[in-house]
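This report describes selected features of a two-chain model. The sequence and structure are shown first, and the description follows.

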Amino acid sequence: MAKPQWTVPAIVGSILKYLALILAGAWMLLPFFWMFSASLMTSQEITRLPPPLLPTQPQWLNYVDVARVVPLGRAYFNSMLVTTLSVLGILFTSSLCGFAFAKYNFPGRNALFMLTLASMMIPFFVTLIPVFYIVKQLGWLNNYAGLVMPGIVSAYGIFLMRQFMLDIPDEFIDAARIDGAGEFRIYWQIILPLSGPALATLGSFNFVGSWNAFLWPLLVVQSRELFTVPLALNSLRTYGMEAKFLNLQMAGTAVSVIPALAVFVALQRYFVQGIALTGLKG
Amino acid sequence: MTNGLTEKPDTMAPGMTSPPARTRRYFLPPRALWAYLFVSPAILALLFFTAGPFLFTLWVSVHNWNLIEPVSQMGFVGLENYRYLLTDDGIFRHALRNTFVFTICGVGVNTVLGLLGALLLNTRLRARVFWRTLFFLPMVTAPLALGMMWAVLLNKNYGLINTLLGLLHLPPQPFLSSPAQALACIISIAVYQYVGYYVVIYLAGLQGIPEEYYDAAAVDGANRWQTFWQITLPLLRPVLLFIIVTNSIGALQVFDVVFAATTGLAGETSGGGPAGSTMVVVLHMYNNAFKFFRMGRATAMALLLFVIIFVITLIQLRLLRERT
């Protein structure tokens, strides 16, 4: 790249550039800002026309009150449990299957791989009704199994793990075998540790996806005890239709978006890597 | 054949694949049973939750079914569900139109804005990671939560956007409560949510372009404009293709954002309002299935949309790949 030159056009260009970035950044932050600000207002403030930009006196108690309206604590626990199980399930099934696709030769391998690729192309809404019926017949409506099991496998995950593991040299596996390691041990102690970046990418994407999932839990869950965070949010939404409860609604929203944001900020590198990977190989 | 040592080095194919000729007579390559064991959890789950249900969807789509009566007693109706959707169901046609408008506008704006954002971030810049993070925040936030935030921001009475318009001496707008503006609002919420994702993809693509091309262009005296059109854009073609194809696939399935921003508004209970102006195909399918229990129509609708997505993807791949 050229060295910075402090000519007039360069300075004007630079100012325009940062101006554009600041505008775009403000656009990105506006809903979050307003959510946070509104969550700290009193009912009087939020129903004033036009509403103030900031609360005069931050009402932190709103965050306590919102937990009285919807079972937010319980929803948090449910979401954590369901998300953790789904993510671990997907990581396990995808990596094991991807390992077999990448490193073993067996009759039917290509056919099964084609099945995986074909499954990748079937959107969720196409199978929604039958999967709902299956879950209903299994008696999994309104329990954790119904929330977790349909998301226990990801065709895309299998594909991603296979692609990644193809690049792991076979010598590692041969050496382990000479040392007398069994097949599962090779997977567990050699392949998995070497697949860290792919696992982190797959895991972080699925964490966010599972944490934010709405349509499926909406269908499966009936009782408030099983509410996930988006469902709790949804019941706040109908509640918040009365303008004076909007502050509580926004407090609930603020609490609900934090975990996914935290995971993203912590694992940002893998997100970006994963996106670059899918984007450039696709 | 569990020990690699017994194989002669020159017969050892890459990996643990081909066994020596002596064992070829056996039914399976060595360790194939392990491989079957390893693929079975994932493959069984795929068969059970994706492939099987897909076939079941095909089956239901030619029947009348309310989800409650036993599968064996479903009434066969042939292609009646498809005929109804394509000729009699005004809402479906309307939803299809809205879905297309949503997709074309959303994909168009994302493709252009995403590229502009990436070009900005790819320049000499302070705190690039900070800006990138900012663009990415909406992407990891639940669509439901974002829909709720924007529904409040865009509220015609107490919404902040109208307050800001007031500061600029512009008249307040009805936004989501106007049939004329609601779909545009939904599109802008969706763009807001996903544009950061495309910025990151473009950015990866831009950073994959070798510096030498730009050096060579500079030597030839090309200006920035020429460099962009002659080097950057042609080399970004695969990225552009990926973005347009995946974004279209996703946009045609839009549901969450419409549901979040339009249900419950002004007494609308089934979403897609006001006056059906934001009704989209998946929402119509959802309502048919889980509000009216018309599973036949709902599955037929799902399959029609699936075919539409498939055909559009094929056309895009053809058109955009041709000139490379």
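**Helix pair across the interface**

The axes of helix α5 (residues 109-121) of chain A and α1(B) come within 11 Å and cross at roughly 45°, where axes are lines fitted to C-alpha atoms, for helices over the stretch in contact, and angles run from 0 to 180 degrees between N-to-C directions. Helix α5(A) is therefore oblique to α1(B); angles under 35 degrees count as roughly parallel, over 145 as roughly antiparallel, 65 to 115 as roughly perpendicular and the rest as oblique. The crossing of α5(A) past α1(B) is left-handed, a term used if the near helix is turned anticlockwise from the far one by less than a right angle.

The model is predicted: local features need pLDDT of at least 70, side-chain atom pairs count only at pLDDT 80 or more, and totals for chains, interfaces and linings use all residues. Residues are numbered from 1 along each chain as its sequence is written, while chains are lettered from A and ligands numbered from 1 in the order in which they are written.

Residues are in contact if their C-beta atoms, placed from the backbone, lie within 7 Å. On α5(A), A:Leu112, A:Leu115, A:Thr116 and A:Ser119 meet B:Val39, B:Ile43, B:Leu46, B:Thr50 and B:Ala51 of α1(B). The two contacts of particular interest are classed below; Ala, Val, Leu, Ile, Met, Phe, Trp, Tyr, Cys and Pro count as nonpolar, Asp, Glu, Lys and Arg as charged, and the others, Gly among them, as polar.

| Contact | Nonpolar | Polar | Charged |
|---|---|---|---|
| α5(A) with α1(B) | 6 residues | 3 residues | no residues |

The contact between the chains takes 81 residues from chain B and 81 residues from chain A. Helix α1 (residues 32-60) of chain B gives the largest share of its side, 19 residues.

**Chain B and helix α12(B)**

Chain B has 13 helices and 2 strands, DSSP runs of H or I (at least four residues) and of E (at least two), numbered from the N terminus. In helix α12 (residues 281-290) of chain B, 8 of 10 residues are buried, including B:Leu283 and B:Tyr286. Their cover includes α6 (124-137) of chain A.

**A:Leu219**

A:Leu219 lies in helix α12 (residues 215-220) of chain A. A:Leu219 is partly exposed because 19 other C-beta atoms lie within 10 Å. Leaving aside neighbours within four places in sequence, A:Leu219 is in contact with A:Phe132 and B:Phe290.

Note on methods:
Two residues are in contact if their C-beta atoms, placed from the backbone, lie within 7 Å. A residue is buried if 20 or more other C-beta atoms lie within 10 Å of its own, exposed if 12 or fewer, and partly exposed in between; C-beta atoms are placed from the backbone.
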